[in-house]
Amino acid sequence: MYGDIIIDSRSAATILKPGDTIKGNLYLQNMRKYILPCNVRIEGNLFLRDLGMLQFCGDFTVTGNIYVSPSSSFGPLPKTARIGGQVII
């Protein structure tokens, strides 16, 4: 997928499938809970806005930073996760 991807509801959550590559930023917002599919590669930044809890299926890659808004949280990062930047809260 090319360009920025915004997932802001349960119905839009099916956009991502295990093993997808996003060449752009991924915005996850306005949800109580979301599970990031396994082996997703984000060639950009990951933004969490008003996301109650982000959980990880397993391995994932973010080449940029992970930005977390004050009203968002995430579960433990898998040991195999690859993050090119920093987690910024």
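**Figure 1. The disulfide of Cys38 and Cys57.** In this predicted model, Cys38 and Cys57 are joined by a disulfide, with 1.8 Å between their sulfur atoms; a disulfide is defined as a pair of cysteine sulfur atoms within 2.5 Å. The link is left-handed, with -65 degrees about the S-S bond. It connects distant parts of the chain, 19 residues apart: Cys38 lies in the loop between β3 and β4 (40-42), and Cys57 in the loop between β5 and β6. Strands (E, at least two residues) and helices (H or I, at least four residues) are DSSP runs, numbered from the N terminus. A search of the whole structure finds one disulfide. Cys57 is partly exposed, with a relative accessible area of 43%; buried means under 20%, exposed over 50% and partly exposed in between, with a 1.4 Å probe and protein chains only.

**Figure 2. Strand β5 and its partner strands.** Strand β5 (residues 46-56) pairs with strand β3 (residues 26-36) in the parallel sense, over nine bridges. Two strands count as paired if DSSP finds at least two bridges between them. Leu48 in β5 is the bridge partner of Leu28. Strand β5 also runs parallel to strand β7 (residues 66-68), to which three bridges join it. Here Phe47 stands opposite Tyr67 in β7. In a regular strand, side chains alternate between the two faces of the sheet.

**Figure 3. The surroundings of Arg49.** Arg49 is located in strand β5 and is partly exposed, with a relative accessible area of 40%. Its side chain makes a polar contact of 3.1 Å with the side chain of Gln29. A polar contact is a pair of N or O atoms within 3.5 Å; within protein, one must be able to donate a hydrogen and the other to accept it, and residues adjacent in sequence count only if both atoms are side-chain atoms. Arg49 and Gln29 are 20 residues apart in sequence, yet their C-alpha atoms are 4.5 Å apart in space. Apart from neighbours within four places in sequence, Arg49 is in contact (heavy atoms within 4.5 Å) with Tyr27, Leu28, Gln29, Asn30, Ser69 and Ser72.

**Figure 4. Asn65 in its loop.** Asn65 is found in the loop between β6 (60-62) and β7. A polar atom of the Asn65 side chain lies 2.7 Å from the backbone nitrogen of Gln86. Residues up to four places away in sequence being left out, Asn65 touches Gly44, Asn45, Leu46, Gly85, Gln86 and Ile88.

**Figure 5. The open sheet of four strands.** The strands are ordered β2-β4-β6-β8, with parallel pairing. Strands β2 (21-22) and β8 (82-83) stand at the edges; each has a single partner strand, so one side of each is left without a neighbour in the sheet. Between β4 and β6, which run parallel, there are three bridges, and Arg41 stands opposite Thr61 in β6.

**Figure 6. The largest nonpolar core.** This core holds 20 residues, of which Ile7, Leu26, Leu28, Tyr34, Leu36, Leu46 and Leu54 touch the most other members. At least two core residues come from each of β1 (5-7), β3, β4, β5, β6 and β7. A nonpolar core is a set of buried Ala, Val, Leu, Ile, Met, Phe, Trp, Tyr and Cys residues joined through side-chain atoms within 4.5 Å.

**Note on the model.** Residues are numbered from 1 along each chain as its sequence is written, and side-chain values use heavy atoms, with hydrogens and water left out. Local features need pLDDT of at least 70 and side-chain atom pairs count only at pLDDT 80 or more, whereas totals for chains, interfaces and linings use all residues.
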